[in-house]
Amino acid sequence: MKFRPLGDRVVVRRIKEDTKTAGGIIIPETAQEKPQEGEIISVGPGAIDEKAGDIVLFGKWSGTEVKIDGEELLIMKESDVMGVIEGRKAKK
């Protein structure tokens, strides 16, 4: 990806949640809520705390959805990130 955010913005890839309940019922995509966890892909020069590869938690309505190289990503201000989830790696 050749995109560098400006200022204190970060680029985040949402982490997909399971589409099945514990009982094995498949939840259709139209009924699923958008995940509020993601992996930081890129950070702007003004970002202080986050770094690429961090798994973060962000608000439900945070960021702007964009499509870069065919991939749906979020661009948001660093202040929209509520925190880093320690000890977790993104599933590839």
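Predicted model: local features only at pLDDT ≥ 70, side-chain atom pairs only at ≥ 80, totals over all residues.
Local features need pLDDT of at least 70 and side-chain atom pairs pLDDT 80 or more, while totals for chains, interfaces and linings use all residues. Residues are numbered from 1 along each chain as its sequence is written, and side-chain values use heavy atoms, leaving out hydrogens and water.

**View 1. Lys77 and Asp8 meet in a salt bridge.** The structure holds 5 salt bridges (a side-chain nitrogen of Lys or Arg within 4 Å of a carboxyl oxygen of Asp or Glu). Here the N to O distance is 3.6 Å. Lys77 sits in strand S5 (residues 71-77) and Asp8 in the segment before strand S1 (9-14), so the pair ties together parts 69 residues apart in sequence. Strands (E, at least two residues) are DSSP runs, numbered from the N terminus. Lys77 is partly exposed at 36% relative accessibility. Asp8 is partly exposed too, at 26%. (Buried means under 20% relative accessible area, exposed over 50%, partly exposed in between, with a 1.4 Å probe and protein chains only.)

**View 2. Glu39 forms a salt bridge with Arg13.** Their closest N and O atoms are 3.3 Å apart. Glu39 belongs to strand S2 (residues 37-43) and Arg13 to strand S1, so the bridge ties together parts 26 residues apart in sequence. Glu39 is buried, at 11%. Arg13 is partly exposed, at 29%.

**View 3. Arg14 pairs with Glu65 in a salt bridge.** The closest N and O atoms lie 3.4 Å apart. Arg14 is in strand S1 and Glu65 in strand S4 (residues 64-68), 51 residues apart. Glu65 is partly exposed, at 45%.

**View 4. Arg13, Glu39 and Glu71 form one network.** Salt bridges that share partners join these residues.

How values were computed. Helix = DSSP H or I, 4+ residues; strand = E, 2+ residues; numbered from the N terminus.
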